[in-house]
Amino acid sequence: MTMGYRNRPTAASQFAPADLLRGILVVSSFGFWAVMLGLMPVLLFRVWLVG
């Protein structure tokens, strides 16, 4: 109980940077996969047209 109570202020003080970093990582990874999934059919279609 004491550990949970003492961890709350530290978690609150560390919330902003950690959450910001996590958000950036999630958004960047999501954008990367969105671009990959969006470009993959186009690239395959181009290769199929050229071939």
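Does Trp33 count as buried or exposed, and at what relative accessibility? Before I answer, please note that this is a predicted model. Trp33 has a relative accessibility of 53% and counts as exposed, because the cut-off for that class is over 50%.

Let me set this residue in its context. The protein has 51 residues, and buried residues make up 0% of them. Its secondary structure consists of 2 helices and 0 strands. The accessible surface amounts to about 5,100 Å², and carbon and sulfur atoms account for 76% of that area.

I turn now to one region of this surface. A nonpolar patch is formed by Phe32, Trp33, Met36, Leu37, Met40 and Leu44, which together have about 650 Å² of accessible area. Phe32, one of these patch residues, is found in helix H2, which spans residues 15–50. With a relative accessible area of 46%, Phe32 is partly exposed.

The next topic is the aromatic rings. How many aromatic pairs does the count come to? There are 2 aromatic pairs. In one of them, the rings of Phe32 and Trp33 have centres 5.3 Å apart and planes at 70°, so this pair is edge-to-face. The cut-off for that label is over 60 degrees.

In the pair of Phe45 and Trp48, the ring centres are 5.8 Å apart and the planes stand at 35°, so the arrangement is classed as tilted. The angle falls between the limits of 30 and 60 degrees, which is why neither the stacked nor the edge-to-face label applies. Both Phe45 and Trp48 lie in helix H2, where they are 3 residues apart, about one turn of the helix.

As for accessibility in this pair, Phe45 is partly exposed at 47% relative accessible area, whereas Trp48 counts as exposed at 62% relative accessibility.

Terms used. Residues numbered from 1 in each chain as written. Predicted model: local features only at pLDDT ≥ 70, side-chain atom pairs only at ≥ 80, totals over all residues. Heavy atoms only, no water. Patch = residues over 30% accessible without salt bridge, like charges linked within 9 Å, V, L, I, M, F, W, Y side chains within 5 Å. Areas by Shrake-Rupley, 256 points an atom, 1.4 Å probe, with all protein chains shown as cover. Salt bridge = Lys/Arg side-chain N within 4 Å of Asp/Glu carboxyl O. Helix = DSSP H or I, 4+ residues; strand = E, 2+ residues; numbered from the N terminus. Buried < 20%, exposed > 50% of the residue type's maximum accessible area, 1.4 Å probe, protein only. Phe/Tyr/Trp six-rings, centres within 6.5 Å; stacked < 30°, edge-to-face > 60°.
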